[in-house]
Amino acid sequence: MKELNYDVVVIGAGAAGLATAEVTASAGRSTLVIDRDDFAGGVLMQCIHNGFGLHHFKEELTGPEYAERLESAARNAGAEFLLQTTVMDFNLADNENKELLALSPEYGVMRITAKAVMLAMGCRERNRGNIGIPGRRPAGIFTAGLAQRLINMSGLLPGKSAVIIGSGDIGLIMARRLTWSGIPVKAVVEIRPFPSGLTRNIVQCLNDFNIPLYLGHTVSKINGADRVESVEISPLVDGVPDSSRSFTIECDTVLLSAGLIPENELSKRGGVTINMTTGGPLVDAWRMTNIPGVFAGGNVLHVHDLADYASDEAALAGRHILDYLNGKRPGREFPVAAGGNLRYVTPNEYIPGEKTQFFMRSLIVEDDAELIVSLDGQEIMRKKLRFVKPPEMLSVEVPGELTARGGQLSFALNGGGR
Ligand SMILES: Cc1cc2nc3c(=O)[nH]c(=O)nc-3n(C[C@H](O)[C@H](O)[C@H](O)COP(=O)(O)OP(=O)(O)OC[C@H]3O[C@@H](n4cnc5c(N)ncnc54)[C@H](O)[C@@H]3O)c2cc1C
């Protein structure tokens with residue numbers, strides 16, 4: 001069996017993993033990046049639209065361009081790569097030698113040991129089983145990300161006319177992509193009363209192409225024997241499909257864009273504690289999980305709207321991996337809680353007196369909202385937010401001097417929603 005040993009092993013070569021690898025390799029730490037795909041870049045490689053890198057590179061790049069920059073930086077810093085290699089299992093308990101079992105067509109099963117491990121496995125799409133749509137199981141039903149990969153990377157068209165279930169960003173981007181590829185998109189159907197994707201994507205991907213968006217509607221049935229023939233769409237009344245107002249749209253393709261789930265089956269096997277709200281590991285201010293020396297960042301931690309946020313967060317984890325390898329520890333940390341109108345806040349702990357960037361998602365749609373930060377119930381900071389809604393991730397930096405005395409830090413949004 002091939003045996004390898006590194007200071008740092010990064011699982012996943014997407015925006016997050018590449019950013020961590022650049023930081024740790026630049027500091028002279030031997031770093032191995034493992035990815036099961038044939039190439040580095042992760043989901044970026046199928047996102048051939050532009051809109052990446054505005055924060056990080058101050059330029060508008062396509063996904064592959066963005067990935068290429070991150071990969072070159074990591075390789076130039078000295079990071080090594082094992083592609084077409086899947087991490088199958090690990091034993092993380094030993095502080096000095098965390099052991100990973102990986103499988104590749106070239107080397108078979110490999111045992112890789114590392115002093116620190118970065119979890120950067122991204123996320124996966126919710127599928128038909130996850131959202132439970134009734135009807136038969138004909139061909140022609142794809143997750144939006146799979147359809148994107150088929151068109152953008154394999155040059156295959158998934159069908160001739162489509163309906164998209166869910167208004168998540170991947171579905172919106174695919175509505176435009178299908179239209180450009182000559183596949184009319186007859187409807188996007190969203191169960192919630194507001195879109196799940198970013199406003200810019202609603203405008204640029206639906207409105208600009210006159211694609212109807214049915215809010216507060218659901219696909220109540222998929223018809224077809226061998227191949228999808230049509231879908232039945234129903235408005236929701238008090239959360240229940242109103243069959244008296246159902247209508248049918250003919251199409252041979254259905255794309256699902258109904259959310260993403262952080263990819264943590266492996267993390268769970270390794271004993272990493274998972275936050276039930278985000279589906280990602282619980283992490284402290286260093287982005288370190290409950291297992292010393294095991295860090296997480298990017299979509300494996302919580303689903304990010306922007307690649308820049310994923311790579312920034314993972315670079316931060318990389319800097320703390322260096323601290324960890326140099327024998328430092330975070331010291332006493334205090335808990336962070338998501339209060340009124342917020343679904344979650346990450347990280348889940350902070351270090352008193354240290355400036356910390358927090359990410360969170362709103363549960364409400366609200367104009368002119370205010371974010372209130374409290375320490376042990378006493379307000380320490382208030383920030384005006386012009387507009388909040390669940391699809392748009394919020395971020396706030398809390399200065400160290402405000403948290404110096406320690407205590408439970410809580411975040412809440414005022415306003416009752418609309
Ligand atoms: C369709 C779409 C459009 C987007 N549009 C934009 C945009 O316009 N602008 C923007 O800034 N952001 C956009 N984003 C968001 C951004 O692309 C992502 O947030 C970011 O790229 C996620 O990076 P990641 O490294 O966390 O995950 P990923 O890119 O998913 O990388 C995870 C990697 O881990 C690997 N992996 C998983 N498990 C294993 C294992 N066991 N062994 C080995 N390897 C493994 C996977 O193969 C994958 O390569 C978009 C995302 C999508 C999906």
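1. Which residue is the bridge partner of Ile164 in strand S12? In this predicted model, the partner of Ile164 is Val188. The two strands concerned, S11 (residues 162–165) and S12 (residues 185–190), run parallel and are joined by four bridges. Strands of a sheet pair through backbone hydrogen bonds, in either a parallel or an antiparallel sense.

2. S11 is covered on both faces. Ala162 and Ile164 are buried on one side, and Val163 and Ile165 are buried on the other. In a regular strand the side chains alternate between the two faces of the sheet.

3. Helix H5 (residues 169–180) has 12 residues, and at 1.5 Å a residue these should span 16 Å; the end C-alpha atoms are 17 Å apart, which agrees. Nine of the 12 residues are buried, so H5 is largely enclosed by the rest of the structure. After H5 comes Gly182, with a positive phi near 85 degrees.

4. Helix H2 (residues 63–77) can be checked in the same manner. Its 15 residues should span 21 Å at 1.5 Å a residue, and the distance between the end C-alpha atoms is 21 Å, which agrees. Gly63, Tyr66, Ala67, Leu70, Glu71 and Ala74 are the buried residues of H2. Viewed down the axis of H2, they fall within an arc of 125 degrees, so they line one face of the helix.

5. What covers the buried residues of H2? The cover includes helix H1 (15–26), strand S2 (31–34), strand S3 (50–52), strand S4 (61–62) and helix H8 (307–325). H2 is followed by Gly78, which has a positive phi near 110 degrees.

6. Strand S1 (residues 2–11) has pairings to report with two strands. With strand S8 (residues 108–119), S1 runs parallel and is joined by nine bridges; Leu4 has Ile112 in S8 as its bridge partner. With S2, S1 also pairs in the parallel sense, over four bridges, and here Ile11 is partnered by Ile34.

7. Another sheet is open and has five strands in the order S23-S21-S28-S25-S26, with mixed pairing. Strand S23 (349–350) and strand S26 (378–388) are at the edges, and each has a single partner strand, so one side of each is left without a neighbour in the sheet. Strand S21 (residues 334–338) pairs with S23 in the antiparallel sense over two bridges, and Pro335 stands opposite Glu349 in S23.

8. In the contact between them, five residues of domain 2 meet four residues of domain 3. On the domain 2 side, the residues that touch domain 3 are three nonpolar, two polar and no charged.

9. Is Asp94 buried or exposed? Asp94 lies in the loop between strand S6 (86–91) and strand S7 (98–104). Asp94 has 11 other C-beta atoms within 10 Å, and is exposed because the limit for that class is 12 or fewer. Asp94 and Ser374 are 280 residues apart in sequence, and their C-alpha atoms are 37 Å apart in space.

10. Pro138 is placed in the loop between helix H3 (128–131) and strand S10 (141–143). With 16 other C-beta atoms within 10 Å, Pro138 is partly exposed. Setting aside neighbours within four places in sequence, Pro138 is in contact with Gly224, Ala225, Asp226, Arg227 and Val228. Glu59 is 79 residues from Pro138 along the chain, and the C-alpha atoms of the two are separated by 43 Å.

Definitions and conventions. Residues are numbered from 1 along each chain as its sequence is written. This is a predicted model: local features need pLDDT of at least 70, side-chain atom pairs count only at pLDDT 80 or more; totals for chains, interfaces and linings use all residues. Two residues are in contact if their C-beta atoms, placed from the backbone, lie within 7 Å. Ala, Val, Leu, Ile, Met, Phe, Trp, Tyr, Cys and Pro count as nonpolar, Asp, Glu, Lys and Arg as charged, and the others, Gly among them, as polar. Two strands pair if DSSP finds at least two bridges between them. A residue is buried if 20 or more other C-beta atoms lie within 10 Å of its own, exposed if 12 or fewer, and partly exposed in between; C-beta atoms are placed from the backbone. The expected span of a helix is 1.5 Å times one less than its number of residues. The arc is that of the directions from the helix axis to the C-beta atoms.
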